[in-house]
Amino acid sequence: MAVSAEADLGRRLHEWHDDLRSALEGLYPDRVEEVQAGVVARVTAASRSRKASLVELDIRRERNPDWFLEPGRIGYACYADRFGGDLRGVEARVGYLQELGVNVVHLMSVLHPRAGDNDGGFAIDDYRRPDPRLGTPSDLEHLVGSLRDAGISTCLDLVMNHTSADHEWAVLAREGSAYHRELYLTFPDRSLPDAYEATLPEVFPTMSPGNFTWVPEMQAWVWTTFREFQWDLNWANPDVLVEMVDVLLHLANLGVEIVRLDAVAFTWKRMGTNCQNQPGAHLVAQALRAALGMAAPACILLAEAIVGPDDLVPYLGHHERQRRECQLAYHNQLMVQTWSMLASRDARLATAALRRLPPAPQGTTWLTYVRCHDDIGWAVSDQDAATVGLDGAAHRRFLARFYRGDYPGSFARGVAFSTNPATGDERTCGMASSLAGLTDGQGGPGSPGVARLLLLYAIAFGFGGVPVIWMGDELGLGDDEGYHLDPTRAADSRWRHRPPMSPERMAQRHDPATVTAAVWSGFARLVQARRQCGALHGAGSVQVVDTGDPAVFGWVRRHPRYGCVLGLANVSEGTVYASPSVMGALDLAPVVDLLDPAAADLLLLEPLAVRWLSADGSYRTAPRPR
Ligand code: GLC
């Protein structure tokens, strides 16, 4: 290792020492020294084996820690096999990603999953090897390198709440290894599981009821929050932390630049609670952040915590005292509220709920999205609903019914997921196009379905944060109707919205007669406008404004150097005229609509139209990524 790299490691160990230490003091008060030594040993080994190109990237990123906040930063998420067939196939489609204008790609189900049903790749047998059906370890490294050469950062999952029941650790635990048994949460009888169950919800009540699975070889109940083949790790055992730090750094050394902490909210269990969002889960994330800061600062963390509004911002480090935690977290609340506005044609609930959220701490931002590979849970809080005179439970029921197309005036064609008669909870599946009313036969290029899909994305792109396009949405791709023919998928309706990429649709993207091209060109406009709009820099702040018209959702994004942009979205199917008072948010004139620079009457909003209004000139100084 070069002398300078050794010096950098020393500096980073020092810089992150207190963060690591305070996380460990909270997690393992009796074993702090020993665990710290274990983490530092893994950090040192990983740092010393980091490739020269990544060492250089670390230094660049330390100088520019805001790299992921730049307004031109746009993500894309896909299953590797569904997008490209295999890793080489993904590589063959890098040009497509570049044409679309994205520069972050979240590849799912890449690491070696268990055979058979594996919860869409979220039951991992081996964190250090890709799924052999996708390619070899060197194919993966090559792909990550090619993506970086094309200016695209790779995001992979660290499935951290559980391993597969066929992971080597689980196999050894079943074979009687005490060390490996302790990596999991096992109970000889039902007394503790029953006590926990009293306050535990069920994540998959229909597919996998209960949170514990009897494993005869171990004569024990194993904690299995998700599916019976996903064994929860015992994060209260510091060996789990040290082992997973090693896995994390392995991913970082592959060249992964964003690690998605899958199901991070579930990592810490505490009797008498729902075992989500516990202080320990945050300390775990903070410890992982410190390890990355020490060994691989080019790599950042994305929290996958799809939780209620009150529990969201802490994953970005917003606590009583601010902490360095994840740099990115999904803006689940914006996602839910946007769908809610479209169904009710009313922006008042969204305005109240989003206004209440604390801002993302400095140096962090939201990942904004319209939908993902999971179901949509209708995370509308009772408190927010009550603020606008709604009953929370009734509104959640309304949304579930509306999006499975079973409500007067519904345009949606989604399906139910995990209906739980005990709690009345129902979640929703379906591609964004089918939830937005853009299934085949629901109209041509100018149809409301196209406008709705683009409205959803225009909010996600214009709100500030890093917007992510879910594979296929850029082409208006519809549901996979045939998923249930595969017996390992039939019981899980999330596969409806995980269709294979369609070469036919891809080929249509430049044919103006098609719906596909209408959608594609709408995305091109969003990408173009975002790149120009410095006010959308992630270091800015967002304020949701009361437009005075329930049909108009409004927000202002401000950056101290790059100006501000006022977003206006007409969530109704009627034409509306926004109140001139909303323009007060913009202090400079003349104003231009970045999405439609030729627009004359800026306050006139066609059905389902979105405008990003900016004081002319204030956006031209936007920085470009890298
Ligand atoms: C995350 C994934 C989801 C998976 C779950 C369990 O929420 O997004 O697909 O089922 O974790 O790993």
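Here is a short tour of this structure, from its ligand site to its cores and domains. The model is predicted, so local features need pLDDT of at least 70 and side-chain atom pairs count only at pLDDT 80 or more, while totals for chains, interfaces and linings use all residues. Residues are numbered from 1 along each chain as its sequence is written, and side-chain values use heavy atoms, leaving out hydrogens and water.

**Around the ligand**
- The residues around the ligand include Asp119, His162, Asp262 and Arg494, where "around" means having a heavy atom within 4 Å of it.
- That shell divides into 3 nonpolar, 3 polar and 6 charged residues, with Asp, Glu, Lys and Arg counted as charged.
- A polar side-chain atom of aspartate 119 lies 2.6 Å from a ligand oxygen atom.
- For histidine 162, a polar side-chain atom is 2.9 Å from an oxygen atom of the ligand.
- The protein buries 95% of the 300 Å² that the ligand exposes when taken alone (Shrake-Rupley method, 1.4 Å probe).

**Nonpolar cores**
- The largest nonpolar core has 193 residues; such a core joins buried residues (under 20% relative accessible area, 1.4 Å probe, protein chains only) through side-chain atoms within 4.5 Å.
- Tyr76, Trp339, Tyr403, Phe553 and Trp612 touch the most other members of that core.
- A second, separate core of 17 residues includes Val552 and Leu568.

**Domains**
- Domain 1 covers 1-161 + 238-330, domain 2 covers 168-232, and domain 3 covers 331-377 + 431-464 + 479-626, with bounds from an automatic or database assignment.
- The C-alpha centres of domain 2 and domain 3 lie 41 Å apart.

How values were computed
A polar contact is a pair of N or O atoms within 3.5 Å; within protein, one must be able to donate a hydrogen and the other to accept it, and residues adjacent in sequence count only if both atoms are side-chain atoms. Buried means under 20% relative accessible area, exposed over 50%, partly exposed in between (1.4 Å probe, protein chains only).
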